[in-house]
Amino acid sequence: MELPFHVFRADYEVFRQALNQPETGMGYQEVAIFPHYYNQVSRILYLVNTTYLWEFENFNNLPLFLSLENLQQIPSYIGSIDHISIATNSRYAVSPEAALPPYTYYSKPGDVFIRLSAFNNDKRILSDGSVLAGTYGTTLTDMTVTPSGLAAVGRYALPNRLSAFYRYRIIPPVGTPILFGTVTPDYGLCGGGVEVFFPNGCPKGSAFLFDEIPDK
């Protein structure tokens with residue numbers, strides 16, 4: 001299958017810098033790559049699971065659904081990298097200070113949140129069960145209207161179009177700050193889902209791969 005966009009495997013420098021910066025939305029980061037040399041232009045790409053770099057020309061030409069099988073034998077990104085910059089969520093960016101979900105909540109006993117992912121080795125959930133600062137998820141209640149990984153692509157406006165059917169359960173300690181917002185239409189997708197943002201992440205033992213929902 002010939003893909004209507006360019007996709008590369010991220011190199012270590014992109015991976016290292018991206019893990020220390022927040023997501024733009026659940027499972028992806030909008031990345032500006034700045035080269036070492038002044039005569040090379042910066043590029044805007046979408047980094048998925050800090051592993052794949054996607055370069056789109058027109059979101060309206062994308063298929064609704066892609067499989068990880070489409071990403072086999074892809075080339076590595078070639079280019080000198082000085083630094084990268086991650087765009088915070090443009091859905092809220094009426095000003096640089098307001099570029100995150102607008103409502104703050106502090107977790108209470110019994111709170112459970114969900115992170116949907118196309119990957120069973122999600123890089124934002126570490127092996128000790130901690131959650132990296134700047135990670136997105138959703139609510140347990142919102143899962144009642146998200147029956148499949150394909151439904152998640154549309155509801156959370158995921159530009160990569162990969163079915164997000166792996167469910168990670170996040171149980172934050174009491175008092176953890178969490179930002180809430182609503183996914184608005186973007187990338188040619190409808191949005192409408194509830195998204196949560198963990199500005200400080202969560203400590204070890206807070207998150208784990210729980211189960212899978214239908215692929216589509």
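**Notebook: cavities, cores and a few buried residues**

I began with Arg115, which lies in strand S7. For strands and helices I used DSSP runs, with helices as H or I of at least four residues and strands as E of at least two, numbered from the N terminus. The model is predicted, so I note the limits here: local features need pLDDT of at least 70, side-chain atom pairs count only at pLDDT 80 or more, and totals for chains, interfaces and linings use all residues. Residues are numbered from 1 along each chain as its sequence is written, and side-chain values use heavy atoms, with hydrogens and water left out.

**Entry 1: Arg115**

The cut-offs I used are under 20% relative accessible area for buried, over 50% for exposed and partly exposed in between, with a 1.4 Å probe and protein chains only.

**Entry 2: cavities**

I searched the whole structure and found three cavities of 30 Å³ or more. A cavity is a set of points, on a 1 Å grid over the protein atoms alone, where a 1.4 Å probe fits but cannot get out; lining residues have an atom within 4 Å of a point. Grid points are joined across faces, edges and corners, and a volume is the space filled by probe spheres set on the points.

The largest cavity holds about 90 Å³ of space. It is lined by 14 residues, and Met26, Gly27, Ser117, Ala118 and Asn160 are the closest to its centre. Strand S7, residues 113–117, gives the largest share of this lining, with three residues. I sorted the lining of the largest cavity by class and got eight nonpolar, four polar and two charged residues. In this sorting Ala, Val, Leu, Ile, Met, Phe, Trp, Tyr, Cys and Pro are nonpolar, Asp, Glu, Lys and Arg are charged, and the others, Gly among them, are polar. Domain 1 (6–94) and domain 2 (103–212) each supply at least three residues of the lining of the largest cavity; the bounds come from an automatic or database domain assignment.

The second largest cavity has about 50 Å³ of space. Arg115 and Glu23 are both in its lining, together with Gly27, Tyr28, Gln29, Leu47, Asn49, Thr50 and Arg124. By class, this lining has two nonpolar, four polar and three charged residues.

**Entry 3: chain and cores**

The chain has two helices and 12 strands. I read the pattern along the sequence as β-α-β-β-β-β-β-β-β-α-β-β-β-β. Of the 216 residues, 52% count as buried.

I then looked for nonpolar cores, meaning sets of buried Ala, Val, Leu, Ile, Met, Phe, Trp, Tyr and Cys residues joined through side-chain atoms within 4.5 Å. The largest has 39 residues, and those with the most contacts inside it are Trp54, Leu116, Tyr156, Ile170 and Phe198. Elements that each supply at least two residues of this core include S7, helix H2 (149–155) and strand S9 (166–170). This core also draws at least three residues from each of domain 1 (6–94) and domain 2 (103–212). Another core, of nine residues, lies apart from it, with Phe8, Val14, Ile33 and Leu53 among them.

**Entry 4: positive phi**

Most residues other than glycine have a negative phi. I noted Arg161, whose phi is near 65°, a positive value. Arg161 sits in the loop between H2 and S9 and counts as buried at 3% relative accessibility. Tyr187, in the loop between S10 and S11, also has a positive phi, of about 55°. Tyr187 counts as buried at 6% relative accessibility.

**Entry 5: two strand residues**

Arg167 is in strand S9 and counts as buried at 16% relative accessibility. Its side chain is joined to that of Asp211 by a polar contact of 2.7 Å.

Leu45 is in strand S3 and counts as buried at 0% relative accessibility. I looked up its C-alpha distance to Ala32, 13 residues apart along the chain, and got 6.4 Å.

Terms used. On a 1 Å grid over the protein atoms alone, a cavity is a set of points where a 1.4 Å probe fits but cannot get out, and a pocket is an open set with protein on both sides within 12 Å along at least five of seven lines; lining residues have an atom within 4 Å of a point. A polar contact is a pair of N or O atoms within 3.5 Å; within protein, one must be able to donate a hydrogen and the other to accept it, and residues adjacent in sequence count only if both atoms are side-chain atoms.
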